[in-house]
Every structure is written in C-alpha cells, then in structure tokens.
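Work through the exercises below with the sequence and the model side by side.

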Amino acid sequence: MNPEEIKKLTRFFRAKFQLANIEVRKRPQKTDSAEVYIGDEFIGVIFRDDEDGELSYNFNMAILDFDLE
C-alpha cells in the first residue's frame, strides 16, 4: 500500500471507531497489506484487494479467548 492509502485508511478507522490513537502502518517488505495499531498494540492486518478493477480493503483481527475475560 502506498503512503496516501495508509493516510486515508487511518482517517477512516479514526472516524469509524471514534478513536484518535488508531493508526495504519506500513508492513515491512509487503505491498498488499498494512498493520493496524491502537497506540503501540498491534490489533490486526488490513489487506488491499484490487480484483476485476474494483478496489476494496479487508480488515482481519484475531481475538484470543483469554482477551475476553
């Protein structure tokens, strides 16, 4: 993902979740995805999907059972 996409996605997440410290960051040596953080905590990966001329982004977040307690 390019820097402009990362900025747009960060703005989207901040507005959607009403959370000023959520941030999308570039992944080392990856161009099809980026990492999502709240502060210093990694929460998931967002993948860029550009198939059949339609661009979309897929957010993947794993939640461990002990995190729910």
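A charge is said to sit over a ring if NZ of Lys or CZ of Arg is within 6 Å of the ring centre and within 35 degrees of the ring normal. The model is predicted, so that local features need pLDDT of at least 70 and side-chain atom pairs count only at pLDDT 80 or more, while totals for chains, interfaces and linings use all residues. Residues are numbered from 1 along each chain as its sequence is written, and side-chain values use heavy atoms, with hydrogens and water left out.

**Exercise 1. Describe how β1 and β2 are joined, and find the ring over which the charged end of R25 sits.**

Step 1. Two strands pair if DSSP finds at least two bridges between them; strand β1 (residues 22-26) and strand β2 (residues 33-38) run antiparallel and are joined by five bridges.

Step 2. The hairpin of β1 and β2 has six residues between the strands, and Q29 takes a positive phi near 60 degrees there.

Step 3. R25 stands opposite E35 in β2, and the charged end of R25 sits over the ring of Y37, 4.0 Å from its centre.

**Exercise 2. Classify the aromatic pairs that F13 forms with F12 and with F17.**

Step 1. Rings of Phe, Tyr and Trp (its six-membered ring) pair if their centres lie within 6.5 Å; planes under 30 degrees apart count as stacked, over 60 as edge-to-face and the rest as tilted. The structure holds four such aromatic pairs.

Step 2. The ring centres of F12 and F13 are 5.9 Å apart and the planes stand at 75 degrees, so this pair is edge-to-face.

Step 3. F13 and F17, by contrast, form a stacked pair, with 5.8 Å centre to centre and 20 degrees between the planes. These two residues are four apart in helix α1 (residues 3-17) and are therefore separated by about one helical turn.

Step 4. F12, F13, F17 and F59 form one aromatic cluster.

**Exercise 3. Which of the terms buried, exposed or partly exposed applies to F13?**

Step 1. Buried means under 20% relative accessible area, exposed over 50%, and partly exposed in between (1.4 Å probe, protein chains only).

Step 2. F13 has a relative accessible area of 4% and is buried, whereas F12, at 46%, is partly exposed, and F17, at 47%, counts as partly exposed.
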